[in-house]
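User: I am new to this structure and would like to understand the terms used for it. Could you take me through them with care?

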Amino acid sequence: MTVLDEIIAGVVEDLEVRRAHRPLEELIAQVATMPPALDPLPALRAPGLGVIAEVKRSSPSKGALARIDDPAALASAYAAGGASAISVLTEGRRFGGSLDDLVAVRSAVETPLLRKDFVVTEYQLWEGRAAGADLALLIVAALDQDDLTAFLDLAGRIGVTCLVETHTAEEVRRALDAGATLIGVNNRDLKTLEVDLNHFQELAELIGDEAVKVAESGILSVEDAARMRSAGADAVLVGELLVRSGDPASAVAALRSLA
């Protein structure tokens, strides 16, 4: 069993607990009363390097990264620094996040929000939107093609933009075939947790101009971000660098200044 398989097994177990307490019909009814989701694509396509700034306490590869007692305050700093979008980890077992973090951040900022989790059911798309998410993460390695296409279709109908995460050329092809307009290339192999920044450089050419390109993982300095920008990234998704910076607003601004 890979690391990804283990994470998803825990996600499914925790999901069943939440689903028992809050049926899908209740989520659908709540979403129907909400204003439209924010569109992140204009900011991610704007001149300069887009930054998806992450509220991230820990990770399977590095353990604890930062104590974040007030995710809303951190998100507000990200917004002040010019973040194009804010990613909120909601997986609890490996990343120390929760839907409560997402709700708190939504109350504090008007920046588009990504619910960063391991989506394997349509329920999670409704759940994320009900908590205030404007974006959802879809990991190609975790989904078969029918589910990937179906989830993109549902997300489009409820106004949620999907960041479709890839790690191989075959996964990029699958993402494009499914109609993804926002594609992430994860420099970390979720099956081994190894990082190689060359992954983005190799796969960006395959994406071309068919989708907005996001470089994910292993970006630990402004120099790393500049390398991703030179390789064709429209945006970077950054967590560790920002939560350990001591001045997250300035750290985001430094990344945003890259031409």
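This is a predicted model: local features need pLDDT of at least 70, side-chain atom pairs count only at pLDDT 80 or more; totals for chains, interfaces and linings use all residues.

User: What makes a space a cavity and not a pocket?

Analyst: On a 1 Å grid over the protein atoms alone, a cavity is a set of points where a 1.4 Å probe fits but cannot get out, whereas a pocket is an open set with protein on both sides within 12 Å along at least five of seven lines; lining residues have an atom within 4 Å of a point. The structure holds one cavity of 30 Å³ or more, and about 60 Å³ of space lies in the largest cavity, where a volume is the space filled by probe spheres set on the points, and grid points are joined across faces, edges and corners. Among the residues that line the largest cavity are Arg 115, Leu 125, Leu 137 and Val 160.

User: How do you know how many residues of the lining of the largest cavity are nonpolar, polar or charged?

Analyst: Ala, Val, Leu, Ile, Met, Phe, Trp, Tyr, Cys and Pro count as nonpolar, Asp, Glu, Lys and Arg as charged, and the others, Gly among them, as polar. By these classes the lining of the largest cavity has seven nonpolar, two polar and two charged residues. The lining of the largest pocket, in turn, divides into 16 nonpolar, six polar and eight charged residues, and that pocket has a volume of about 410 Å³.

User: Why is the pair of Phe 95 and Phe 118 called tilted?

Analyst: Rings of Phe, Tyr and Trp (its six-membered ring) pair if their centres lie within 6.5 Å, and planes under 30 degrees apart count as stacked, over 60 as edge-to-face and the rest as tilted. A search of the whole structure finds one aromatic pair. The ring centres of Phe 95 and Phe 118 are 6.0 Å apart and their planes stand at 35 degrees, so the pair is tilted. Phe 95 lies in the loop between strand 4 and helix 5, and Phe 118 in the loop between strand 5 (113-116) and helix 6, 23 residues apart.

User: Are Phe 95 and Phe 118 buried or exposed?

Analyst: Buried means under 20% relative accessible area, exposed over 50% and partly exposed in between (1.4 Å probe, protein chains only). Phe 95 has a relative accessible area of 10%, so Phe 95 is buried, and Phe 118, with 7%, is therefore buried as well.

User: What makes a set of residues a nonpolar core?

Analyst: A nonpolar core is a set of buried Ala, Val, Leu, Ile, Met, Phe, Trp, Tyr and Cys residues joined through side-chain atoms within 4.5 Å. The largest such core has 66 residues, and those with the most contacts inside it are Tyr 78, Ile 86 and Leu 138. The largest share of this core, five residues, comes from helix 7 (residues 145-157). A second, separate core of 24 residues includes Phe 95 and Leu 137.

Notes:
Residues are numbered from 1 along each chain as its sequence is written. Side-chain values use heavy atoms; hydrogens and water are left out. Helices (H or I, at least four residues) and strands (E, at least two) are DSSP runs, numbered from the N terminus.
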